[in-house]
Amino acid sequence: MGPISLTSVDQAGREIGRNAARLLLERSADRGKPSVQAKPSPTPVERRTTARPSA
């Protein structure tokens with residue numbers, strides 16, 4: 001049995017990590033700075049398990 005190419009969702013892990021590090025450094029430099037919430041958008045990664053909609 002060969003590899004299965006499943007459709008998935010990219011959670012933007014690298015972007016989340018970069019934002020977390022940047023926000024941590026900014027917050028540690030200025031503790032009076034208000035909190036910031038970053039919301040990256042997940043994107044679908046279509047592979048062979050995605051079918052076209054039926055007509």
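Me: Why is glutamate 26 called partly exposed?
Reply: In this predicted model, where local features need pLDDT of at least 70, side-chain atom pairs count only at pLDDT 80 or more, and totals for chains, interfaces and linings use all residues, glutamate 26 has a relative accessible area of 29%. Buried means under 20% relative accessible area and exposed over 50%, with partly exposed in between (1.4 Å probe, protein chains only), so the 29% of glutamate 26 makes this residue partly exposed. Residues are numbered from 1 along each chain as its sequence is written, and side-chain values use heavy atoms, with hydrogens and water left out.

Me: What makes the contact between glutamate 26 and arginine 22 a salt bridge?
Reply: The closest N and O atoms of the two residues are 3.3 Å apart, and a salt bridge is a side-chain nitrogen of Lys or Arg within 4 Å of a carboxyl oxygen of Asp or Glu, so the pair qualifies. Both residues lie in helix H1 (residues 13-29), four residues apart, about one turn of the helix; helices (H or I) are DSSP runs of at least four residues, strands (E) of at least two, numbered from the N terminus.

Me: Why is alanine 12 called buried?
Reply: Alanine 12 has a relative accessible area of 16%, so this residue, in the loop between strand E1 (8-10) and H1, counts as buried.
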